[in-house]
Amino acid sequence: MTEVSRTVSTKAILLGNEAIARGIVEAGCLVASAYPGTPSSEILPAVAKFADELGSPMAVEWGVNEKVAFEVAAAASFTGARSCAVMKQVGLNVAADPFMSAAHFQLKGGMLLVVADDPGPHSSQTEQDSRYFAMFAKVPCFDPCSAAEAKEMVFDAFDLSERFGIITMLRPSVRVDHCRQDVELGELRPPKGQVKFEKEPSRWVCLPASVKVNHPRLNAKVEEIRAAFETEFGKYNYEVPSRGKSVLGIVASGVCFSVVSDILKEWGREDVAVLKIGTPHPLPVKMVTDFISRHPKVLFLEETYPVMEMQLPDRTGILGRWNGVVPGAGELLPEVIAGILAKILGMDQPSGEGSSLLREALEDLKITPRKPMLCPGCPHRASYFSIRQALPNAVNPSDIGCYTLGVNQKAVDAVVDMGASVTMGSGFFLAHKAAGTERPIVSTIGDSTFFHMGIPGLVSAVYNRHAFVLGILDNSTTAMTGGQANPAVGDKLRKGDEGRKVDIEAVCRGCGVTFVRTIEAYDVAAGKEAVKEAWEHAQSRSEPAVIIFRHPCMLLRPQQPVVQVKVDPEKCIGCKFCINFFNCPGLVFDETRSKAYIDERFCVSCGVCISVCPHGAIAEVSEEGK
């Protein structure tokens with residue numbers, strides 16, 4: 001991240017997530033909590049950095065999951081402090097319970113919920129639209145089209161939250177999160193009011209009786225906010241008129257506005273009017289219906305669901321997702337929007353020049369695209385190999401994390417969401433038990449994900465005596481989202497703010513697990529024996545058994561090379577066992593020679609592959625051969 005000096009410049013080129021973070025700190029937020037998840041992961045570390053830089057007293061912490069992060073921020077707002085919770089779109093699923101309840105409260109301090117969406121999706125299990133959640137909970141939503149606008153929206157979102165006593169959502173999508181733009185830098189604004197919690201059960205306790213008062217009040221708030229969006233938020237909701245008679249009107253939200261503006265400028269089309277909407281919920285309906293009435297055809301562009309379309313009282317003549325003009329899935333990339341516009345305007349379809357240029361570049365660089373795979377030296381690869389070798393007929397549910405790529409080792413059979421590997425282990429066990437059959441079950445979950453949502457499932461499995469093996473893949477970081485700390489690591493974000501490590505083995509024993517083993521993940525032989533022993537224990541005692549495969553992530557905490565290896569072409573028979581079941585970037589198969597070989601560009605000399613080849617073709621390079 002770029003170091004910023006307030007005395008030298010009032011602008012800096014920031015990542016969209018950094019711009020959001022800067023706004024959070026400048027706005028006088030006192031408590032910020034998050035759980036990392038792409039594309040939101042950079043926000044909270046940037047909040048900590050800017051808080052240090054600007055001398056803010058704010059607390060900045062990772063929550064163990066999104067529900068925890070949200071509830072921490074919500075409670076802080078009950079005291080009158082400005083607070084913020086940050087997560088990605090599927091993280092809001094985890095935080096949905098408190099989100100729906102707290103939406104009914106009359107908040108005291110401003111509360112901002114930042115939810116980063118992933119149309120595409122690029123790194124998520126869904127491409128769900130968080131603006132739907134804003135509609136569901138009946139809270140206002142800001143949808144930025146650029147990094148600078150996202151930062152500006154933070155201030156207005158906090159102000160709106162305090163004005164109406166309601167949670168406000170800022171919903172950047174991946175293209176805003178990861179764009180770079182020059183952004184105005186400001187000073188730290190002093191916190192508003194006194195931080196003091198006042199006992200008022202009717203305000204802070206979500207009793208059924210309270211809903212009878214709170215829900216109608218929430219409905220009234222939504223309409224008041226809608227009226228404010230119609231008249232007071234012209235910097236986010238405005239029309240870019242056509243020159244002369246308009247042949248098409250476009251209503252665009254978020255990054256779609258930036259994309260369509262660039263396309264129309266490039267094409268020189270000044271006969272198309274665009275209505276930019278930065279507050280898609282509650283939709284400023286009067287503004288939108290007036291725009292629709294003045295244009296022969298109106299196209300709606302928004303990602304990824306028809307949130308604005310659904311709020312219209314009449315969709316007659318509207319072009320959008322409801323009638324298939326706009327695709328019902330996938331990211332609205334520039335080429336997709338260009339294709340939609342070209343068809344409506346009767347122009348030639350775009351050539352797709354970008355795709356051909358990419359193909360030419362790949363050919364020139366002699367790059368062969370391949371599936372994503374675990375990094376060279378990743379300890380999870382060795383752990384999966386141990387599991388597959390020990391119990392090749394096992395059912396292998398897994399979880400959300402970089403280790404999901406174990407699917408390429410044929411070591412992952414099912415993935416649903418964070419923590420589901422543990423509960424799926426229970427489900428597979430119960431199904432086989434009820435059918436009178438038996439089959440080994442080995443679930444896998446990462447260290448951060450275990451703390452996130454794995455513990456409740458493990459407690460349930462112990463309580464109900466479900467027999468399966470749980471492999472906890474402990475690489476001492478939250479690797480998939482950029483290397484953030486988790487409770488097993490103990491590090492915190494602010495300088496001088498010390499955390500405390502939570503021991504995974506002790507947690508498992510505290511949950512009632514009697515078989516817990518911690519092994520070195522690279523030791524394939526020990527791993528195989530541990531898995532066999534764990535399954536025998538689980539089977540005989542009818543209870544879960546836990547193995548902790550431990551080795552630090554090689555990318556984030558590089559280790560010294562263990563051993564250099566080579567493939568003996570005389571012993572390699574071309575069976576591809578190492579390719580199919582170990583799946584390391586450092587091991588490549590030469591189709592012309594039908595031999596495997598070591599690609600030294602990727603090999604990190606971890607030495608694990610020596611134990612992989614069933615024919616002994618992979619061996620350590622001797623001193624003479626070095």
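These legends go with a handful of close-up views of the model.

The model is predicted, so local features need pLDDT of at least 70 and side-chain atom pairs count only at pLDDT 80 or more, while totals for chains, interfaces and linings use all residues. Residues are numbered from 1 along each chain as its sequence is written, and side-chain values use heavy atoms, with hydrogens and water left out.

**View 1. Helices α16 and α20 packed together.** Here α16 (residues 379-390) and α20 (residues 524-541) pack with axes 8 Å apart and an angle of about 50 degrees. Helices are DSSP runs of H or I with at least four residues, strands are E runs of at least two, and both are numbered from the N terminus. Axes are lines fitted to C-alpha atoms, for helices over the stretch in contact, and angles run from 0 to 180 degrees between N-to-C directions. The pair is therefore oblique (under 35 degrees is roughly parallel, over 145 roughly antiparallel, 65 to 115 roughly perpendicular, and the rest oblique). The crossing of α16 and α20 is right-handed, meaning the near helix is turned clockwise from the far one by less than a right angle. On the α16 side you'll find A382, F385, S386, I387, Q389 and A390, and they meet V524, G527, K528, V531 and K532 of α20, with contact meaning heavy atoms within 4.5 Å. Sorted by type, the contact has 6 nonpolar, 3 polar and 2 charged residues (nonpolar: Ala, Val, Leu, Ile, Met, Phe, Trp, Tyr, Cys and Pro; charged: Asp, Glu, Lys and Arg; polar: the others, Gly among them).

**View 2. D143 and R171, a salt bridge between loops.** The closest N and O atoms of D143 and R171 are 3.2 Å apart; a salt bridge needs a side-chain nitrogen of Lys or Arg within 4 Å of a carboxyl oxygen of Asp or Glu. D143 sits in the loop between β6 and α7, and R171 in the loop between β7 and α8, 28 residues apart. At 2% relative accessibility, D143 is buried, and R171 is buried at 2% as well (buried is under 20% relative accessible area, exposed over 50%, partly exposed in between, with a 1.4 Å probe and protein chains only). Both belong to a salt-bridge network that also takes in D117, D129, R131 and E302.

View 3. E71 is partly exposed at 32%, and K67 is partly exposed at 30%. The structure holds 36 salt bridges.

**View 4. Helix α1 and the glycine that follows.** In α1 (residues 16-26), 11 of the 11 residues are buried, so the helix is largely enclosed by the rest of the structure. After α1 comes G28, with a positive phi near 85 degrees.

View 5. Most residues other than glycine have a negative phi, and most peptide bonds are trans.
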